[in-house]
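Q: Can we go through this one together? I'd like to start with how charged pairs get called.

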Amino acid sequence: MRGTRHALPSALLVQLAVATSGCAAPLPGGLDDDEAGPTETTQDTGETSDAGEPFDPLVCGDWDPPAATPAGTPPSEQACAGELCPVFTEVGEAAGLGTLQYRQTHPANYECIFPRPSGASLSPFLDCEPQWFTGGASVGDLDGDGWPEIYMTRLAAPDHLFLNQGDGTFVDVAEQVGLGGCSWTNGVNFGDVDNDGDLDLLLTTVGDYSYQLWMNQLVETGALGFVEEGEARGFALSSPTMHSGESVTLGDYDRDGWLDLHVNEWLRLEQAPQPGDPGFASHRARLLRNTGGGYFLDRTEALGVDLWGADVDGTFAFSSTFADLDDDGWQDLAITVDFHRSRLFWNPGAEDPGGPFIDGSVAAKINRESNAMGSSFADVDLDGAFDWFVTSIAESRPCDIDEQPPCWAGSGNRLYRYFGAREFQLYTDLAGVRDAAWAWGASFFDADNDGDPDLAVANGWPGRDISGGLYHADTPMRLWLNQGVGVMSEEGEARGVDDRGQGRGLVSFDYDRDGDLDLLVINHAGQPRLLRNDGGNALPWLQVEVEGQVSNRDGRGAKIRVQVTVEGPTQIREVGVGSHFLGEGELVQHFGLGPDFDPALDRIYRVEVEWPASGAVQVFEQIEAGQRLQVLEAL
């Protein structure tokens, strides 16, 4: 499926004619050494291979994106026992998720969507970095049947909406429900922005000129279908300059019962409009307030969260989260920003409801990583407060004299433990979670139902070193199992969480409704991997699903506390803060109950739901395990 070609500015067209006038035009000055070389390297063998037929990256569908392959029969569950449980089985293609997100690309082949700064000019088709970031997915029950659907973004291709069939398989219905058009999408999230009872769809783009907001028509018509209304509702952020959109997150920062939005962008200064230029106000990271009914007003500057000027080279925001980190009842805003520029904005809360946020990044002692990308929150040590995990790049180097190994160039991930009083402590090395290679999406989830959060991370990078070989292109995913009180053990390879693709987006969810959490990783320029959890449900569990009435319908920002026994620790979750890099997992919250709970004899001591808008608390006691507890906010 091919579309029309994006228009290029006339100055770039002149440069393009010069750059492509020979059979093997030299790369322009300014191209990094790690991007030199025209061949691709296969991950399995390491041998070079043909990069494929030439294609125009500005023509939608020109790379011949494949349709999803029909589902087959997923393999039977692997048997496991004791400490070997759980294990994970890759079932993506058998489940009907066989597809390609994009094609492998390289600037030497003039396959880049963006022009690259070169001296005082821009050289077209030579900056592939923004497209190498791409590959997102989000999960949600779109048709109200209790089974989670998957939306996958693709570049210069029709996206996929995989409808869950309830038997372990999916069917792509994007075209049937109005989502079959060709586009350049990247970040994705679901949210009921108009509070009408169905999940709407939000998409950022890389290489397009506006974002997309698709309104779900299920409640209005009785059938699943979508209508694009981004421009009319204030989400499109249309610009004459191409966007390089990243993650989009939702929350209710002003507690008015309507979902607000924050969108992120990674764009070099030379590629972006400047103050006074058309489109300037549509770029960078933007905070959009829901004024009611799913209509949005840009409040970025008014609320003090603009990233303009934070980095003289551009704006490099990857992901963000609305989360109540200081437990004052108001959601704060945490943003992971590349090149040591992450920000934590505290909500003024009751002191100034709806007023400007307070930049507390320095005092909070965050922003220690060199290249912040993915983000996930959980109470790692079960102390009742949310800790923040940020993915970054880990590259070892030779140690200096008197320096103890390991020694780092790219200094790796960071785990920030909340200490109280709006301050975090570094907990990275105590937990043992620094090295995940070139890390992207991350998700805290209880893989083994033992009652504490484990951690999965996707990774990879198709850049080239000075010798022309790939680096970070054959690194396995990471799976860290929590050994108690936040100390982690990396066990990915032993348990089947070891995919070596170009992992970007990563979400956890119970797709087969068997009581344990599965993983979905989206590989840039590759196939997605659905890693089914086999044996995680050997221990008992509880799932909690909330629906707001005074608060937003999704219940985002609601805090759920589960105390399994009267003397045991309390597990806490906040709806909507699990993982945010180009997507999001289910809003249903999953709690493992641990090895000492006997579902035939025991009952869960206490479940508490604290609502974000009203502040009301609902309490449930003596709850049976192995069920989905549905909680409707009391009026």
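This is a predicted model: local features need pLDDT of at least 70, side-chain atom pairs count only at pLDDT 80 or more; totals for chains, interfaces and linings use all residues.

Q: OK. How far apart are the closest N and O atoms of Arg561 and Asp327?

A: They are 3.9 Å apart. The cut-off is 4 Å, so Arg561 and Asp327 count as a salt bridge.

Q: What are the domains, and what are their bounds?

A: The domain assignment gives domain 1 as 87-534 and domain 2 as 541-632. Their C-alpha centres lie 24 Å apart.

Q: How many residues are in contact between them?

A: On the domain 1 side, 68 residues touch 36 residues of domain 2.

Q: And how much area is buried between the two?

A: About 3600 Å². Carbon and sulfur atoms give 51% of that.

Q: Which residues of domain 1 lose the most area to domain 2?

A: Arg255, Phe386 and Asn449. Together they make up 14% of what the domain 1 side buries.

Q: Back to the polar side. How many salt bridges and polar contacts cross the interface?

A: The rule finds 4 salt bridges between domain 1 and domain 2. It also finds 24 residue pairs in polar contact across that interface.

Q: New topic. How many disulfides in the whole structure?

A: The search finds 3. One of them joins Cys60 and Cys182, with the sulfur atoms 2.2 Å apart.

Q: Is the Cys60 and Cys182 link left-handed or right-handed?

A: Left-handed, with -95 degrees about the S-S bond.

Q: What does that pair tie together?

A: Cys60 is in the loop between β2 (48-49) and β3 (87-90), and Cys182 is in strand β11, so the link ties parts that are 122 residues apart in sequence.

Q: Last one. How many salt bridges in the whole structure?

A: There are 37. Among them is Asp256 with Arg289, closest N and O atoms 3.5 Å apart.

Q: Where do Asp256 and Arg289 lie?

A: Asp256 lies in the loop between β16 and β17 (260-268), and Arg289 in strand β18. The pair therefore ties together parts 33 residues apart in sequence.

Technical notes. Residues are numbered from 1 along each chain as its sequence is written. Side-chain values use heavy atoms; hydrogens and water are left out. Domain bounds come from an automatic or database domain assignment. Contact means heavy atoms within 4.5 Å. Buried area is the accessible area (1.4 Å probe) that two parts lose on being put together, summed over both. A salt bridge is a side-chain nitrogen of Lys or Arg within 4 Å of a carboxyl oxygen of Asp or Glu. A polar contact is a pair of N or O atoms within 3.5 Å; within protein, one must be able to donate a hydrogen and the other to accept it, and residues adjacent in sequence count only if both atoms are side-chain atoms. A disulfide is a pair of cysteine sulfur atoms within 2.5 Å. Helices (H or I, at least four residues) and strands (E, at least two) are DSSP runs, numbered from the N terminus.
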